[in-house]
Amino acid sequence: MPKIAILPDLLINKIAAGEIIERPASVVRELIDNSIDAGAKKIIVEALHGGKKLIKVSDDGAGMSREDALLCLERHATSKIKSDDDLFNISTLGFRGEALPSIASVSKLTLITSAVNSGAGTKIEISGGKEKNITEAPPFAGTSVEVRDIFYNVPARRKFLKTIPTELSHIIDTVLQKAFPCFKTAFTLKHNNSDIINVHAVKSLKERFIQLYGEELSGEFIKVKKDAGHMKLYGFLFEVKKDAGHMKLYGFLSSLDFTRAGKSYQYIFVNRRAVKNPTVNHAAYAAYSGLIPKDRHPAFFLFLDIDPQKVDVNVHPAKREVRFETPEEIHRLVESAVYDALRGGAVSGAQDKGVSNASVPGFTYLRPSGSGFYNPFVVQEQRAEDFQPGFFAEGDFARHRYLHIGECFIAAISGNGFTVIDQHAAHERVLYEKYLKKTAIETENLFLPVRVELPPREFNIIMNHKSLLNDFGLVVEEFGGHDVIIKTIPRELGKADLKGLLLDIASGIIEEEGTGVKGAPQQDRLAHGIAARLACHKSVRGSEPLNEMELSKLLSDLDKTESPDKCPHGRPTRIFFTLDELRKMFKRK
Ligand SMILES: Nc1ncnc2c1ncn2[C@@H]1O[C@H](COP(=O)(O)OP(=O)(O)OP(=O)(O)O)[C@@H](O)[C@H]1O
Ligand SMILES: [Mg+2]
């Protein structure tokens, strides 16, 4: 008896589903892809309980005949490719013929479909990939697929599903990623019967951007466009046209004032497919380098249209990655398009790439250049060796006179040397510890509550963490659509950019929840993250020079903190130069 056996089809489907279907949002992705490939003009996504109970995607696309409907649930049944050659020339979103049988093997699926102009439709019900029940349905144009109780027969996977808000947030992100490039299609997303996204068909990508992210956000973006024959790259605000004949790049880049603390709002679409791609990503960062602080991140939505023969889309089970035939060429295209777009006016005054931060208007917060990027939600521990005990033994350097150096440094003489303080980093540390204590937060009820429109995903996250924000003195309430009103803020926030703050907090929460850590450690990290962002926002915006009294207070407050030598992100707040060090520098020792 051989030890090796060919696995039954049902088990093969379940294994494939393991790679393709990770969570409800994966079902949404696959079903929307099918609707787009079927030429739908309108796609409606409905979900119940974060998609764990139900996901339904209906479209008005080409539909299927009864024969095709029966075939589409078979493994490797596809209308999209026929030969080897087709595999390297894919212009549809689907191509493997695996999505529907995979979904069917791990859920209770009902498919209703009807080809345009056919006399009758077909309804197929199937549970766990078995026992198909086939009946006739009234004719209509299109397809609707209902997926109930995902992973009901794979308990090991069902238990990995996250909370309803987290699963919903993945669904929202998926619908946004699908709806953005396909602007000629109308998209609706309903969750528990209320509308989350509802956008009609529009004529341009920019209109879709405004529909999805709001006019305000789109104002922060620069247009970029490059056409190189087999590739296109496109984007917003300042248009750059370069035609190299075979590729095109277009998209939206954040202006230099709109940098973020995290990497949210970084989207790359290759032939309408949202992907992660280190080549494009690196090229975009390379173009921004020297123009934005090292620890801030640009936002970009870059669309690359490329000859399907030059890109392999069959390299990732969830199709989240692609491989380019000539990555160097892509890198050059993206870097030069982004670089030109930034120089084309977005830098609002800065003429050259490589211009120092100090000469770029819009930067109020100049941080010392550190290594790489930081995530404010990862609060770094203070290293014992960074602290020099005894130097401020009296804790009284605040009594000394100060010298302002540049926009944010202060030098203070102390007994056996001098200290250079980064005013903003110091302020951040003081506020951060104050916010962490929560009880010490003084709040201010806004005389005129501030109304802010948020993108759907961020709106959902903020509303689900309302009570957590409340603990930090930030009272936020729902105000119809995706608008929130901010009624109360921590006093120091004053005129801070409250929308930017909510977006930063939301992206931090999304990143944090993505780590999969749960329970008390997660709550703790969320609290640290929110405190750090509140502190950072005040500090970033608060660039006004402090007078002597304010400086004194800041320095004595800093001295009272638990980690006075580092800001919440781990950068130094103050650096000590002892007399001994000075002697060494001047070769007197
Ligand atoms: N909404 C739809 N409208 C019309 N035809 C559809 C729809 N959904 C699926 N089909 C048909 O069923 C086939 C199988 O769909 P399925 O998603 O399983 O595979 P695929 O899209 O071909 O490839 P992939 O596995 O990469 O998604 C498709 O090739 C298409 O012909
Ligand atoms: Mg498909």
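F187 stands across from V199 of β8. This pair belongs to strand β7 (residues 186-191) and strand β8 (residues 194-199), which run antiparallel and share five bridges. Two strands are taken to pair if DSSP finds at least two bridges between them; helices (H or I, at least four residues) and strands (E, at least two) are DSSP runs, numbered from the N terminus. The hairpin of β7 and β8 has two residues between the strands, and N192 there takes a positive phi near 45°.

## Basis of the model

The model is predicted: local features need pLDDT of at least 70 and side-chain atom pairs count only at pLDDT 80 or more, whereas totals for chains, interfaces and linings use all residues. Residues are numbered from 1 along each chain as its sequence is written, with chains lettered from A and ligands numbered from 1 in the order in which they are written.

## Overall composition

The secondary structure of the chain comprises 17 helices and 23 strands. Of its 589 residues, 45% count as buried. A residue is buried if 20 or more other C-beta atoms lie within 10 Å of its own, exposed if 12 or fewer, and partly exposed in between, with C-beta atoms placed from the backbone.

Among contacts in the chain with a separation of 6 or more, 67% are between residues 24 or more positions apart. Two residues are in contact if their C-beta atoms, placed from the backbone, lie within 7 Å.

## Nonpolar cores

The largest nonpolar core has 97 residues, of which V28, I103, V175, L302, V334 and V338 touch the most other members. Such a core is a set of buried Ala, Val, Leu, Ile, Met, Phe, Trp, Tyr and Cys residues joined through C-beta atoms within 7 Å. Helix α10 (residues 327-346) is its greatest contributor, with eight residues. Because domain 1 (9-201) and domain 2 (208-358) both give residues to this core, it lies between them; the domain bounds come from an automatic or database domain assignment.

Another core, of 41 residues, lies apart from it, and its members include V430, L436, L502 and A532.

Helix α11 (residues 423-437) has 15 residues, which at 1.5 Å a residue should span 21 Å; the end C-alpha atoms are 22 Å apart, in agreement. The expected span is 1.5 Å times one less than the number of residues in the helix. Of the 15 residues of α11, 14 are buried, so the helix is mostly covered.

A506 is found in helix α14 (residues 498-514). It is buried, with 25 other C-beta atoms within 10 Å. Leaving aside residues up to four places away in sequence, A506 touches E458, I461 and I462. Its C-alpha atom is separated by 9.4 Å from that of S264, although A506 and S264 are 242 residues apart along the chain.

## Two further hairpins

Is strand β5 (residues 130-137) largely in the open or enclosed? None of its eight residues is buried, so β5 lies largely in the open. It pairs with strand β4 (residues 121-127) in the antiparallel sense over six bridges, and T135 in β5 is the bridge partner of K123. Two residues lie between β4 and β5 in their hairpin, where G128 in the turn has a positive phi of about 55°.

Four of the five residues of β12 are buried, so this strand is largely enclosed by the rest of the structure. Five bridges join β12 to strand β14 (residues 300-306) in the parallel sense, with V270 opposite L304 in β14. β12 also pairs with β13, antiparallel and over three bridges; here I268 stands opposite V275 in β13.

## Positive phi at non-glycine residues

Most residues other than glycine have a negative phi. N271, in the loop between β12 (266-270) and β13 (273-275), has a positive phi of about 45° although it is not a glycine. N271 is buried, with 21 other C-beta atoms within 10 Å.

F151 is likewise not a glycine and has a positive phi of about 60°. It is found in the loop between β6 (142-148) and α6 (155-158). With 19 C-beta neighbours inside 10 Å, F151 counts as partly exposed.

## Surroundings of ligand 1

Ligand 1 is surrounded by 23 residues, the closest being N34, A38, T78, G94 and A99. A residue is near a molecule if its C-beta atom, placed from the backbone, lies within 6 Å of it. The elements that give two or more residues to this shell are α2 (24-37) and α5 (99-105), and α2 gives the most, with four residues.
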